[in-house]
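I opened this notebook to keep track of what I look up, one topic at a time. The sequence and structure go in first, and my entries follow.

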Amino acid sequence: MLVSVVFLLNTKGFTQSLGDPIVNITFGSGATQFFGPLPADSGATTYTYINGTPNDGYYTIANSTKGMYSVWWQTTDHTGNPGGYMMIVNCSYAPGIFYTRKVAGLCGSTKYQFAAWLKNLINNNGLQPNVTFSIETTAGVPLGSGTTGNIPVGNTWIQYPFTFTTPANTDSIVIKMTNNAPGGYGNDIAIDDITFRPYGAPVSTVFNQSATTQTFCAGVSQPVSINATSSLVAGYQQKVQLLVNGVWTDQTAPSSSPNFTVKSPDTAGVFYYRLVSGQTINISSSECVVASNQLTLTVNALPVAAFNVKDTTCLDNATIFTDKSTSKGGTVKQWLWNFGDGKTDTVQSPTHTYTKAGAYTVSLMVTNSNGCVSSTIKKSIYISALPVATFNYSTPDCVTNAVTFTDSSIAADGAITSRVWTYGDGTKETKTNNQPFQHTYDTTGTYPVSLLVTTNSGCTSSFTQNITISPLPIVNFETPAVCLADASAKFTDSTTIAGNSKLIYLWNFGDANATAANPNTSSLQSPSHKYSKAALYTVTLTVVSANGCTVTKSKNFTVNGSVPVAGFNVLNPRDLCSDHEVFFVNKSTVDFGSITKIEWIYDFGNNATIIETDNNPYYNKLYRHTYPQFYSPVKTQNYQVRMLAYSGGICASQKDTVITLLATPKLSFSPISPVCINAGPVQLTATETTGINGIGIYMGTGVTSSGMFDPTISGVGSFPIKFIYTANNACADTISQVITVNVAPMANAGPDLTILEGGSGTFQASATGDSLTYSWSPNINLSNNKILNPVVTPGETDINYTLTVTNNKGCFASSSVNVIVLKKPLIPTAFTPNGDGINDTWAIKYLESYTGATVEVFNRNGQRVYSSIGYPVPWDGRYNNSDLPAGVYYYLINPIHGRKAFSGSVTIIR
């Protein structure tokens, strides 16, 4: 029995609804061009598979027609996927089945659609393919069929569907696609995406009577209304399905009502709904129902409010709130902060300054770009009160005197844990307690002293006040040199202070014998006091500045006796040379105390007004004086020396002594020119010019006492040479000069050259040194006598050459080389070894100069009768101590040394 069949040619925008595919053959996809034969579970064909371009009656599974027939379109599968496979058939001459497959699990009396995408591969006017779609029972009974007609030329895929209704009580059928056109040129086809699916009355649906999409926020309990927009015929029902993990799952029971209500999902995500429609008896079978359009329900995730903030912040410091909120499926767009003190804000990460200390609860609620609002998050923070920094310091404040600082800071919240003191002089330090301490300033000035205190909550406070450090007076005074006979002791103040402020003085003279008329103290700046006893006293001066800075200084002071005795010794009085200092030793004494001043007149007889004064003498102190130097012929000169020794202002003693000075030698030493290290010994010359008798010697590196300098002993460098002349009166003098020894170059003329007569050679000379010049002599037969390695062309005569190398210091070195000329040997053609003393040997001229030359002589039979290396003794015509017979002999001479071998004959004549 035939069923109702409707064939739709190139149908677009079907008005009916389709169910899920029961058969969906896409042929797969892959990177290789050819896939392989049609899998058994995908269907069957009467065509033969080929892994390449198919001929008539063959097919292949490929992802392109690349490299196949030129009359075919270059194509990929109908979706345009470059890796998608399709079935390519080259039709046979007889009709054949492109594709067949059994479809089971069907519902009786139900409409289905069988469809495939086809393409005419021929790109010209060849035979056009023509395909029949047919349905049969599993027993081969036809149920219905339809044809595509001729598939038109064009590089276009066309979907060809047809529909049919299964007979009652039928659950399995066979679908077929058959070739109708004959084979030959053309009738080639590509097949892709074969489908078989339920087909029925149109079913469509919307949310809430209008939209196909809807959006919720997660956690909002809201029913979802789904409404069908088409009515059902009698005997049909529909139900709502949800796509869960790729499987459509029933959400409602079947009903003939067009309106359904389902519960909204609790979690975020995208959810797809649809209505399926079918006969009431088949509504639960997916192979028998058609589906509506999909509805999309988007459930957006709620944002999560989160933020970071310090648990404790100090009052008046900004509290920083850092937003850490997140939102899946959207972005956080709005923030609502409540700082707990009646203030709010809407920025993402605000800062807020609290005006009162205490505990606060901060909350945050956020809204994302989907309009979803988070839960409110809360955190507790504490705003800590600031400490109060302050300190005291001691006075007066004087430079180098310690200032005492006392911290008096207080903390309203917690405890002070750190105190950072900055003294204003570039130094600072940290203390952990408030105990008083001291700091010393090295220079005067005004210093801003700061105290920064920090509590255990991290809260800080600072306090600064200026401290003025005043200068200390620099106390000093001069004690007089007095003896008991002087009227009084005058003390002179030399105290100074920066800024020259007014000073207060207090003197204590240390005099236990002072009286009311002659008091022991004074407030004058530079007072006087009369002492009644020669003794040692301690004098003290205390000075107070206008700022209260006080300094005290004491000095020991002696009132000397009134009876000094002048005395001195002359060191080595018999050996006083006029060019040397004369030394005098103080031997003066006093009955108590010390000598306070000595005056010297070293030439009292001629210059009594020239006086040398020493205000700080002591016993055995050494004094020195240089007299004018004089020379021969004057031999001696006398001088009167006077000493005056004082123990106070009016207490003095005198001593006179005559000394004799001796004449000194006068030397001359001419500058010494630099010498080369290889120049040989040099005699140095220094002289005494006045004629005074004595002996002179030389001293220094490389020089003998007589003045012979050898540069090979000193080496290269500069060396001081001294000439010491000692006169017969024991007076001596020294004069010096520096001699410089320069390095000499090194020269090597190289090995002797042996050159063939008429030839040339190059010297293999070498030299070392700085800025060298070269000179070869004699300057004959040379290419250039001013270079290190010239070419020599000697001619006929041996010659000796000398290379001289000179450096930039004028030092030179020489080396010689022999050039030996090898003349061409002169070989006699005969000789007469008869003992007459004339031509008795085979004398080869010049051969003796060829060192290592070889000589061989052979008889007519090739026997060697003579040989030698070198030719020091000419051949005498003998062999094995016997005379060889007269005749012709043959020779081979190899002179080597670059000259070719000689060969020829020599005749012995007897």
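By class, which residues does the lining of the largest cavity have? I am working with a predicted model, and I found seven nonpolar, two polar and two charged residues in that lining. I then looked up the names: Val482, Cys483, Leu484, Asp486, Ala487, Ser488, Ala489, His529, Lys530, Tyr531 and Val559 line the largest cavity. I noted its space as about 50 Å³. The structure holds one cavity of 30 Å³ or more.

Entry on peptide bonds. Most peptide bonds are trans, so I looked for exceptions. I noted a cis bond from Ser632 to Pro633, with omega near 20°. Pro633 sits in the loop that runs between strand E54 (622–625) and strand E55 (636–646). I noted another cis bond from Ser777 to Pro778, where omega is near 0°. I placed Pro778 in the loop between strand E69 (773–777) and strand E70 (791–792).

Entry on phi. Most residues other than glycine have a negative phi. I looked up Asn169, which is not a glycine, and its phi is positive at about 60°. Asn169 belongs to the loop between strand E11 (158–165) and strand E12 (173–179). Is Asn169 buried or exposed? I count Asn169 as exposed because its relative accessibility is 81%, and exposed means over 50%.

I also looked up Asn245, which has a positive phi near 55°. Asn245 lies in the loop between strand E17 (236–244) and strand E18 (247–250). Its relative accessible area is 79%, so I wrote Asn245 down as exposed.

Note on methods. Residues numbered from 1 in each chain as written. Predicted model: local features only at pLDDT ≥ 70, side-chain atom pairs only at ≥ 80, totals over all residues. Heavy atoms only, no water. 1 Å grid on protein atoms, 1.4 Å probe; cavity = no way out; pocket = protein on both sides within 12 Å on 5 of 7 lines; lining within 4 Å. Points joined across faces, edges and corners; volume = space filled by probe spheres on them. Nonpolar A, V, L, I, M, F, W, Y, C, P; charged D, E, K, R; others polar. Helix = DSSP H or I, 4+ residues; strand = E, 2+ residues; numbered from the N terminus. Buried < 20%, exposed > 50% of the residue type's maximum accessible area, 1.4 Å probe, protein only.
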